[in-house]
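Dear colleague,

Please find below the structure I am handing over to you, together with its sequence. My notes on it come directly after.

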Amino acid sequence: MAVFSINNIAIKGIASTLPKTIVSNQDYVYHTEKEKEQFIKTTGIKYRRIADKTTTATTLCKESANQLIKELNIEKTEINILVFVTQTPDYTIPCSASILQNHLGLSHSCIAFDINLGCSGYVYGLSVVASLLQNIKGNALLLVGDTSTKIINEKDKATAPLFSDAGSATLLSYDGSAKPMYFNLQTDGKGYDAIIRKDGGVASPFTKNSLLFDENKGHSPIDMTLDGIKVFNFSRREVVPNINELVSAFNINKDTIDYYFFHQANKLMNDSLVKKLNIESSKTPSTLEKYGNTSSASIPVTIVDALSNKKQVNGNAILSGFGVGLSWGSAYINFSNTLVLPIGEI
């Protein structure tokens with residue numbers, strides 16, 4: 001159990017950007033009418049956002065970062081750290097964080113690197129950035145996003161209607177008056193193949209056979225695939241104990257939590273979490289119907305969607321991400337006049 005606290009780090013602002021293109025799962029041609037009805041009822045996903053050919057995760061995160069820097073009036077020379085969490089980098093080599101550091105015009109003294117994580121990525125990313133800031137101080141950008149639709153076969157009926165594309169930016173600062181952040185992070189690599197893109201890496205290099213479509217499976221070896229039953233069972237088994245361990249370790253009263261932001265996997269899963277945690281559904285905002293599963297960006301997208309009408313946000317929240325790896329984690333955070341910008345579109 002990796003339970004720990006991080007002091008003196010404040011979340012100054014959060015922004016998210018989505019592609020303008022909206023598709024409806026009512027129009028998904030590979031489902032029958034009955035399948036469409038059942039899929040939407042179970043997952044809660046009616047609409048998805050799809051990036052065009054020239055838009056990548058770095059594009060979406062860059063837009064979010066620029067908006068946040070502008071609204072917070074932060075000097076780019078004062079940003080000391082840039083961490084980019086994604087599973088859809090621009091290139092295998094180099095890391096996309098280097099590209100973003102250049103495109104954003106940040107200082108050459110800025111630390112920049114990628115983290116290869118998906119569904120749990122925002123929680124893990126917060127812990128990494130906050131830990132670095134404790135020593136380096138100053139300001140940091142946590143950029144989190146994926147264009148998952150680019151690595152999924154549209155004919156894969158179990159996977160394609162789930163995912164959308166999105167990017168986000170969170171600016172954190174060293175602040176001696178900030179309340180502590182608490183984390184509980186876990187991993188079970190035995191389930192690594194539950195969500196996987198088999199071909200294209202060093203262990204299973206790309207070949208001409210990587211493009212061969214399997215009619216029975218609905219995908220080819222180069223496509224990302226998801227074992228829905230395995231992921232669902234893992235989530236039901238691990239997420240609630242993880243959150244309960246976090247609140248127990250730091251004597252947090254669950255009734256005093258203002259918001260619970262879960263990874264947006266599917267409605268059935270998140271409804272189950274609310275019931276097992278015995279918390280009010282009104283405290284658990286959802287973006288599944290409008291945006292689907294935006295992978296690593298789902299938590300910041302949901303925060304922005306739920307709270308941007310308040311702009312300057314105060315209160316506390318439990319964040320919980322879970323999925324690919326298999327990895328999962330929860331965090332307790334505080335908002336203190338945190339700037340939350342409206343959803344952006346490009």
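The notes below go from the overall fold to the nonpolar cores, and then to individual residues and backbone features.

Please bear in mind throughout that this is a predicted model.

Overall fold

The protein contains eight helices and 15 strands. Its C-alpha trace spans about 60 × 45 × 35 Å along the principal axes. The radius of gyration is 19 Å, which agrees with the value near 20 Å that a compact globule of 346 residues would have. Of these 346 residues, 53% count as buried. Among contacts between residues at least 6 apart in sequence, 79% join residues at least 24 apart. The protein exposes about 15200 Å², and carbon and sulfur atoms supply 49% of that area. As for charge, there are 33 positive and 32 negative charges, and their mean positions are 2 Å apart.

In soluble globular proteins, nonpolar side chains tend to be buried together. Here the largest nonpolar core has 37 residues, and the members that touch the most others are Phe-262, Leu-273, Ile-318, Phe-322 and Tyr-332. Two or more residues of this core come from each of α5 (228–249), β12 (259–262), α6 (267–277), β13 (312–323) and β14 (327–340). Helix α5 gives the largest share, seven residues. Another core, of 36 residues, lies apart from this one and includes Ile-14, Leu-142, Met-181 and Ile-303.

Phe-322 lies in strand β13 and is buried, with a relative accessible area of 2%. Beyond residues up to four places away in sequence, Phe-322 touches Cys-119, Ser-120, Phe-234, Ser-235, Val-239, His-263, Ala-265, Met-269, Asn-270, Leu-273, Ser-327 and Trp-328. Between Phe-322 and Ser-295, which are 27 residues apart in sequence, the C-alpha distance is 9.8 Å. Tyr-332, leaving aside its neighbours within four places in sequence, is in contact with Pro-180, Met-181, Tyr-182, Leu-246, Ile-252, Ile-257, Asn-316, Ala-317 and Ile-318.

Cys-61

Is Cys-61 buried or exposed? Its relative accessible area is 0%, under the 20% limit, so Cys-61 counts as buried. The residue is in helix α2 (residues 57–72). Not counting residues up to four places away in sequence, Cys-61 touches Phe-84, Leu-143, Val-144, Gly-145, Gly-167, Ser-168 and Ala-169. Its C-alpha atom is separated by 28 Å from that of Asp-227, 166 residues apart along the chain.

Backbone features

Most residues other than glycine have a negative phi, and most peptide bonds are trans.

- A cis peptide bond joins Ile-93 and Pro-94, with omega about 5 degrees; Pro-94 is in the loop between β5 (79–85) and α3 (96–103).
- Gly-325 and Leu-326 are also joined by a cis peptide bond, with omega about -10 degrees; Leu-326 is in the loop between β13 and β14.
- Asn-8 has a positive phi, near 70 degrees. This residue is in the loop between β1 (2–6) and β2 (9–18) and is partly exposed, with a relative accessible area of 23%.
- Asn-337 has a positive phi as well, near 50 degrees, and is found in strand β14.

With kind regards

Methods: Residues are numbered from 1 along each chain as its sequence is written. This is a predicted model: local features need pLDDT of at least 70, side-chain atom pairs count only at pLDDT 80 or more; totals for chains, interfaces and linings use all residues. Side-chain values use heavy atoms; hydrogens and water are left out. A nonpolar core is a set of buried Ala, Val, Leu, Ile, Met, Phe, Trp, Tyr and Cys residues joined through side-chain atoms within 4.5 Å. Buried means under 20% relative accessible area, exposed over 50%, partly exposed in between (1.4 Å probe, protein chains only). Helices (H or I, at least four residues) and strands (E, at least two) are DSSP runs, numbered from the N terminus. Contact means heavy atoms within 4.5 Å. The radius of gyration is taken over C-alpha atoms; the globule rule is 2.2 Å times the number of residues to the power 0.38. Accessible areas come from the Shrake-Rupley method with a 1.4 Å probe; for residues, only the protein chains shown count as cover. Lys and Arg count as positive and Asp and Glu as negative; His and the chain ends are not counted. The place of a charge is taken as NZ of Lys, CZ of Arg, CG of Asp or CD of Glu.
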